Amino acid sequence: MSILVSPSIGDSIHGANTHVEGVADCVSFPKEQSTFTRAASFSIAAAAGIAGGYFAAQVMPEQDVAWRMLAGLAFLGGLLSTWSPCGYSSLCLLRPAGRYSANTVMRWLPTFIVHGLGYALGALVLGTILGLGGHLLGFAGYTTISTIGLAAAAILYGAHQLGFIRVPYPQRKAQVPHDARQRFPMWVIGGIYGVALGLNYLTYVQTPILYLVTAVAMLSGDAMVAIGVFALFNLGRFLPMAVNLLPVTDIGVQGWLARRQEQAATLDGALLVAAGCVLLTLAAL
């Protein structure tokens with residue numbers, strides 16, 4: 001299978017102009033992935049969400065169930081964002097230079113660290129803005145109405161990812177500035193990419209879980225909670241970069257991601273549906 005990335009990524013590797021628009025917001029499922037398969041994924045996820053929400057609420061307060069589930073979803077959403085064009089770009093452009101060895105990895109560590117600090121700064125800025133904004137708007141965390149709203153959004157975007165409906169997906173359809181690598185040292189590029197990706201809305205993110213994380217951050221009405229939920233999302237975005245610490249080839253990593261892109265989209269949709277059904281169950285109890 002060819003690597004399923006925007007043609008502009010291939011262009012960027014060869015030094016072409018890398019301004020990107022028109023990134024697709026969901027993979028297109030091929031004919032071999034039948035409607036039945038996708039419907040089964042939706043149904044199993046929904047049933048798991050209902051059952052999980054009900055049984056979890058028997059052993060802990062409903063509010064705790066909701067927050068813990070949403071925290072886990074935020075982290076998994078960050079991991080799934082690796083299948084966005086920027087995820088491919090960061091993994092292939094922010095790599096240790098030269099033949100793999102302990103020395104090349106050590107020289108690359110500042111890039112890795114500064115990249116992570118960029119994500120942390122992004123979570124701090126975005127979480128503070130959304131948390132304080134939610135507080136000014138009068139939001140104060142877990143309520144039945146907010147839970148139902150989050151549940152509806154999760155299920156709709158889950159159906160979107162599974163290819164059943166099309167839901168508006170407003171994003172800045174652009175990638176990280178690939179030409180920066182020609183103008184700055186690698187560690188500076190790592191920081192630029194980390195901040196750009198850590199702010200999440202400066203570049204394209206191919207998982208709607210970002211929208212739920214954004215809504216949770218604002219509905220919390222608490223800057224610390226909002227920073228925390230974005231920190232989890234950004235941690236999930238950052239951790240795949242650690243693969244570059246290992247003796248693996250770029251083409252091997254890219255090929256592995258490409259072969260699993262549709263699986264990632266299916267998992268994304270299933271997680272959203274399951275999360276929505278957990279929240280609906282909690283709201284109904």
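**Figure 1. Isoleucine 129 in helix α5 of the predicted model.** Isoleucine 129 is placed in helix α5, which covers residues 102-136, and the coordinates shown here and in the other views belong to a predicted model. With a relative accessibility of 55%, isoleucine 129 counts as exposed, because the cut-off for exposed is over 50%. Ile129 also belongs to a nonpolar patch on the surface, which it forms with Leu121, Leu124 and Val125. Together, these residues have about 340 Å² of accessible area.

Figure 2. Alanine 102 is another residue of helix α5. Its relative accessibility is 60%, so alanine 102 counts as exposed.

**Figure 3. The covered helix α4.** Helix α4 comprises residues 85-93 and is mostly covered. Nine of the nine residues in α4 are buried. Among them are Pro85, Cys86, Gly87 and Tyr88, and the buried residues also include Ser89, Ser90, Leu91, Cys92 and Leu93. For the protein chain as a whole, buried residues make up 50% of the 285 residues.

**Figure 4. The packing of helices α3 and α8.** Helix α3 spans residues 62-80, and helix α8 spans residues 209-220. The two helices pack at an angle of about 140°, and their axes are 9 Å apart. An angle over 145 degrees would count as roughly antiparallel; α3 and α8 are therefore oblique to each other. Their crossing is left-handed.

**Figure 5. The crossing of helices α2 and α11.** The axes of helix α2 (residues 35-57) and helix α11 (residues 261-284) come within 7 Å of each other and cross at roughly 40°. Because of this angle, α2 is oblique to α11. The crossing of α2 and α11 is right-handed. Both elements belong to a protein chain that has 11 helices and zero strands.

**Figure 6. Asparagine 200 in a loop.** Asparagine 200 lies in the loop between α7, residues 186-198, and α8. Most residues other than glycine have a negative phi. Asparagine 200, although it is not a glycine, has a positive phi of about 70°. Its relative accessible area is 0%, so asparagine 200 is buried.

**Figure 7. Valine 65 and tyrosine 54.** Valine 65 is a residue of helix α3. Valine 65 has a relative accessible area of 7% and is therefore buried, the cut-off being under 20%. Along the sequence, valine 65 and tyrosine 54 are 11 residues apart. Their C-alpha atoms are separated by 9.8 Å in space.

**Figure 8. Arginine 237 and serine 81.** Arginine 237 is found in helix α9, which runs over residues 223-238. Because its relative accessible area is 7%, arginine 237 is buried. Arginine 237 and serine 81 are 156 residues apart in sequence, yet the distance between them in space is 6.3 Å from C-alpha to C-alpha.

How values were computed
Residues are numbered from 1 along each chain as its sequence is written. This is a predicted model: local features need pLDDT of at least 70, side-chain atom pairs count only at pLDDT 80 or more; totals for chains, interfaces and linings use all residues. Side-chain values use heavy atoms; hydrogens and water are left out. Patches are made of residues with over 30% relative accessible area and no salt bridge: like charges are joined within 9 Å, nonpolar side chains (Val, Leu, Ile, Met, Phe, Trp, Tyr) within 5 Å. Accessible areas come from the Shrake-Rupley method with a 1.4 Å probe; for residues, only the protein chains shown count as cover. A salt bridge is a side-chain nitrogen of Lys or Arg within 4 Å of a carboxyl oxygen of Asp or Glu. Helices (H or I, at least four residues) and strands (E, at least two) are DSSP runs, numbered from the N terminus. Buried means under 20% relative accessible area, exposed over 50%, partly exposed in between (1.4 Å probe, protein chains only). Axes are lines fitted to C-alpha atoms, for helices over the stretch in contact, and angles run from 0 to 180 degrees between N-to-C directions. Angles under 35 degrees count as roughly parallel, over 145 as roughly antiparallel, 65 to 115 as roughly perpendicular and the rest as oblique. A crossing is left-handed if the near helix is turned anticlockwise from the far one by less than a right angle, and right-handed if clockwise.
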